[in-house]
Amino acid sequence: MLVAASVLPHPPLLVPEVSVATPDWLAELRAAVADSVQILLGTEPDLVVSIGSASPAGDWDEQAGGTMAAYGVDTTAGGPTIALPLSLTIAARLLDDAGWPGPRRYVALTNDRDAGRHADAGARIAASAARVAVLAMGDGSARRTTEAPGYFDERSTPFDAAVVAALATADARALLAMSPAEADDLWVAGLPAWQALAGALEPETTVDAAVRYDAAPRGVGYFVVDWTVGSPTL
């Protein structure tokens with residue numbers, strides 16, 4: 001059963017070795033991410049599952065790890081077998097930094113335009129242990145301003161606002177109704193993970209949600225949202 005979740009971005013700059021400079025926005029983002037992970041681990045899960053997007057899809061246990069070599073630094077995270085894509089490498093590093101000693105699992109989902117498959121993956125993840133915590137890794141639109149990697153698209157801010165509103169209210173239906181095609185157009189990396197998180201929620205479950213960070217530095221939407229999940233109401 002899902003007991004907690006952290007919705008987190010995965011820019012390489014979250015890894016301190018990648019950036020010598022630490023502008024105010026990055027220090028604020030790193031602090032929000034670290035606090036969210038600590039809150040999640042404080043729920044005493046039996047298993048932490050990190051979900052991200054990548055192609056091809058994949059599923060790994062705690063022996064898997066990732067490297068930041070592509071970003072110019074010789075640092076690794078997680079287990080000894082280098083296999084994880086960026087989103088899950090960042091998740092592994094966050095768990096390492098938080099000192100998580102327990103079981104881990106990493107799941108990569110493709111943006112295959114099928115919310116149902118993502119939801120089914122989330123339901124299976126939630127059923128994989130008595131107390132499951134999820135790191136849902138994903139950036140919002142990378143087209144929020146003219147300095148963004150994908151340049152500016154006027155649809156980007158409303159799309160990200162809808163995502164944050166759905167996450168802030170644990171609105172699974174809204175998350176599953178979001179358009180993969182539009183997400184592709186807007187360079188959104190997080191939709192598969194958010195839809196899997198929606199699928200992990202049992203019907204009539206109560207969720208205490210809190211938005212810790214919602215901004216678009218350098219034109220990319222980054223969100224940090226905490227979910228603490230209660231038992232389904234009868």
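I count a residue as buried under 20% relative accessible area, as exposed over 50% and as partly exposed in between, with a 1.4 Å probe and protein chains only. By that cut-off, 53% of the 234 residues of the chain are buried.

I note that this is a predicted model, in which local features need pLDDT of at least 70, side-chain atom pairs count only at pLDDT 80 or more, and totals for chains, interfaces and linings use all residues. I number residues from 1 along each chain as its sequence is written, and side-chain values use heavy atoms, without hydrogens and water.

**Overall form.** I looked up the secondary structure and found 7 helices and 10 strands in the chain (DSSP runs numbered from the N terminus: H or I of at least four residues, E of at least two). The chain is as compact as a globular protein of 234 residues, because its radius of gyration of 16 Å is close to the 17 Å of the globule rule (C-alpha atoms; 2.2 Å times the number of residues to the power 0.38). Along the principal axes, the C-alpha atoms fill a box of roughly 50 × 40 × 30 Å.

**Contacts.** I took contacts as heavy atoms within 4.5 Å. Of those between residues at least 6 apart in sequence, 70% join residues at least 24 apart.

**Strand β1.** I checked residues 2-8, strand β1, and found 7 of its 7 residues buried. β1 pairs with strand β8 (residues 132-137) in the parallel sense over 6 bridges, where pairing requires at least two DSSP bridges. I traced A5 to its bridge partner in β8, V134.
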